[in-house]
Amino acid sequence: MPIVAQSTETTDWVSRFADEVIEESERRAPGKPVVVASGLSPSGPIHLGNLREVMTPHLVADEIRRRGHQVRHLISWDDYDRYRKVPAGVPGVDESWAEHIGKPLTSVPAPKGSSHPNWAEHFKAAMIESLAELGVEFDGISQTAQYTSGVYREQILHAIKHRGDIDAILDQYRTKKAPAKKQQQKPLDEAELEAAEGSGAAGEDDGSSASAGYFPYKPYCGNCEKDLTTVTSYDDDSTELTYACTACGFSETVRLSEFNRGKLVWKVDWPMRWAYEGVVFEPSGVDHSSPGSSFQVGGQIVGIFGGKQPIGPMYAFVGISGMAKMSSSKGGVPTPADALKIMEPQLLRWLYARRRPNQSFKVAFDQEIQRLYDEWDRLDAKVADGSALPADVAAHSRAVRTAAGELPRTPRPLPYRTLASVADITAGHEDQALRILSELDPEQPLASLDEVRPRYDKAEAWINTHVPAEQRTIVRDEPDAELLKSLDEQGRESLRLLLDGLADHWSLDGLTHLVYGVPKVQAGFSADATPKELPPEIKTAQRSFFALLYHLLVGRDTGPRLPTLLLAVGQERVRALLGE
């Protein structure tokens with residue numbers, strides 16, 4: 001049953017945009033569904049920066065649905081874009097794919113070993129699967145299907161009829177004029193397209209031009225399928241168009257009113273779609289929002305098609321811990337699927353929901369993910385007890401549910417860092433993992449690992465794929481006799497105090513109290529003494545004690561949290577390694 005949001009005042013960015021979009025939609029198309037849009041180019045792995053292109057309108061659309069309005073979230077798959085370059089680091093792809101540069105993405109072979117029919121479908125499939133896991137509801141539109149079936153034929157003919165008006169708009173932003181006639185510009189060659197890459201879905205090429213004048217349209221060659229073509233003549237009455245291919249030398253004359261093998265250039269294609277679909281809300285990246293870029297120019301060109309520019313917030317780039325801005329032209333950038341292997345959908349949704357679109361943020365693939373999960377669990381607890389701030393409650397709500405209902409969640413969400421430590425120490429032995437996790441809270445033991453799934457599986461995947469081998473935990477096989485023999489009386493006493501308390505404190509909370517309490521007791525304080533009641537040197541003593549335990553158990557200065565490590569090693573083995 002759909003969730004209807006109450007009309008309470010909130011301060012989160014999603015609600016504010018929803019108010020604005022509903023009002024604007026009623027002004028433009030009263031009584032019709034609200035239309036929001038995203039555009040994705042499956043030119044390679046669709047990364048976490050691209051996900052913001054989807055999550056921003058998704059969150060707004062979902063809020064509109066919660067209020068009881070009909071809304072369509074369109075995702076235009078820009079699969080009729082040209083294949084611009086061979087992306088680095090893609091499995092099953094080598095430099096032989098360079099021969100396909102200039103073809104539509106749907107005419108490029110999929111990577112070796114793929115079960116998909118072409119390049120575009122291969123990369124779309126992974127994104128579609130991730131969006132389903134994230135609870136994103138959308139209507140997908142293949143631009144290959146739209147163009148090749150003639151859906152946009154009238155819009156193409158209209159654009160060409162008004163090519164002079166389009167050229168005049170674009171000319172306001174061109175920084176270089178051709179020396180003689182502006183229509184004598186040559187089509188962009190491969191190097192120029194490479195340099196323009198990243199500015200738009202089609203490299204920001206604003207049209208082909210030669211003896212026929214400016215043209216906002218690129219035919220794909222009938223021989224080699226590439227878009228390195230130039231229109232050499234056009235007759236407005238008959239729509240006869242002649243083009244020549246600079247790649248293979250092929251030329252032909254076609255009737256554009258019957259021709260479906262080409263597309264409008266990006267700066268014209270985007271505003272045409274705004275008008276055609278009636279889009280009210282579509283965000284754009286900072287590269288599209290700068291002066292003279294696609295979004296600004298499109299705001300003028302859309303009027304030629306009888307439409308209006310959408311409400312379009314600029315969104316900032318998304319990075320990952322230890323990396324700067326992502327770029328899909330470089331291999332190895334994480335995708336939503338990569339993130340969902342190590343974190344639950346709720347956490348990933350929350351990262352996009354809690355920051356305004358113009359705020360950059362990072363998705364953690366390193367140790368920072370543990371801190372993020374701690375922060376998320378604290379928020380979860382505050383929401384449950386009613387102490388969270390309104391904006392935080394709103395972001396939490398958008399993370400855990402959509403208008404269609406709750407996302408599946410882990411029944412017993414134990415701390416991520418604890419689960420990661422257990423997965424690290426047990427190295428895939430599920431029976432050992434269940435034993436350890438059951439001893440965390442002996443009064444409520446786990447009956448099955450299913451109770452901590454999928455969070456446990458995500459933590460295990462993080463340990464196995466993102467923690468360097470030298471940081472993995474390997475418990476000693478034999479006691480470190482030399483270290484034990486070298487201990488002074490204080491060191492030996494600290495181990496006796498710990499061993500004497502193991503049996504009575506064998507739970508996560510109990511062992512936490514015990515390991516922090518030993519240095520306090522040795523210094524003459526109560527094990528329950530708070531930090532405010534203790535001198536600063538107690539912290540130094542605790543660090544020294546912890547380092548001693550780590551050396552005796554795992555042969556290193558540091559490791560997983562000691563209470564978790566002790567539970568994982570098991571009481572009998574702990575006693576042996578500590579020299580009892």
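Colleague: In what order do the three strands of the open sheet stand, and is their pairing parallel or antiparallel?

Modeller: As a general idea, the strands of a sheet pair through backbone hydrogen bonds, and they do so either in the parallel or in the antiparallel sense. In this structure, which is a predicted model, the three strands form an open sheet in the order β1-β2-β3, and their pairing is parallel. The strands β1 (34-40) and β3 (139-142) stand at the edges with a single partner strand each, so one side of each has no neighbour in the sheet. From one strand to the next, the twist averages 25 degrees.

Colleague: Over how many bridges do β1 and β2 pair, and which residue of β2 stands opposite S38?

Modeller: β1 and β2 pair in the parallel sense over seven bridges, and the residue that S38 faces in β2 is I75. Helix α3 packs on this sheet, where it touches β1, β2 and β3, and the direction of α3 makes about 155 degrees with that of β2.

Colleague: Let me turn to the aromatic rings: how many aromatic pairs does a search of the whole structure find?

Modeller: The search finds 21 aromatic pairs. To name the geometry of a pair, one looks at the angle between the ring planes, where over 60 degrees counts as edge-to-face and under 30 as stacked. The rings of Y83 and W119 have centres 5.0 Å apart and planes at 65 degrees, so this pair is edge-to-face. The pair links distant parts of the chain, since Y83 lies in the loop between β2 (71-77) and α3 (119-133) while W119 lies in helix α3, 36 residues apart. Both Y83 and W119 are buried.

Colleague: Which residue of helix α3 lies four residues from W119, and how are the two rings set?

Modeller: The general idea is that an α-helix has 3.6 residues a turn, so residues three or four places apart point the same way. Here W119 and F123 both lie in helix α3, four residues apart, which is about one turn of the helix. Their rings form a tilted aromatic pair, with 5.0 Å from centre to centre and 55 degrees between the planes. W119 is buried, as is F123. Elsewhere, Y80, Y147, Y152, Y220 and Y276 form one aromatic cluster, and R354 lies over the face of W350, at 4.1 Å from the ring centre.

Colleague: How should I read the packing of two helices, and at what angle do α13 and α15 pack?

Modeller: One reads the angle between the helix directions together with the distance between the axes. Helix α13 (residues 368-385) and helix α15 (residues 416-426) pack at about 140 degrees, with their axes 8 Å apart, and the two are therefore oblique to each other. Their contact is made by I369, Q370, R371, Y373 and D374 of α13 with Y416, R417 and A420 of α15.

Colleague: At what angle does α13 pack with helix α14, and which residues meet there?

Modeller: With helix α14 (residues 390-400), α13 packs at an angle of about 105 degrees, the axes being 10 Å apart, and that makes α13 roughly perpendicular to α14. On the α13 side W376, L379, D380 and V383 meet D392, V393, H396, A399 and V400 in α14.

Colleague: Finally, which residues of helix α16 are buried, and what covers them?

Modeller: In helix α16 (residues 430-440), the buried residues include A433, I436, L437, S438 and L440. Among the elements that cover the buried residues of α16 are α15, α17 (455-466), α20 (508-522) and α22 (562-569). For the protein as a whole, 52% of the 580 residues count as buried.

Notes:
Residues numbered from 1 in each chain as written. Predicted model: local features only at pLDDT ≥ 70, side-chain atom pairs only at ≥ 80, totals over all residues. Heavy atoms only, no water. Phe/Tyr/Trp six-rings, centres within 6.5 Å; stacked < 30°, edge-to-face > 60°. Buried < 20%, exposed > 50% of the residue type's maximum accessible area, 1.4 Å probe, protein only. Lys NZ or Arg CZ within 6 Å of the ring centre and 35° of its normal. Pairing = 2+ DSSP bridges. Axes fitted to C-alpha atoms, helices over the stretch in contact; angles between N-to-C directions. Contact = heavy atoms within 4.5 Å. Parallel < 35°, antiparallel > 145°, perpendicular 65-115°, else oblique.
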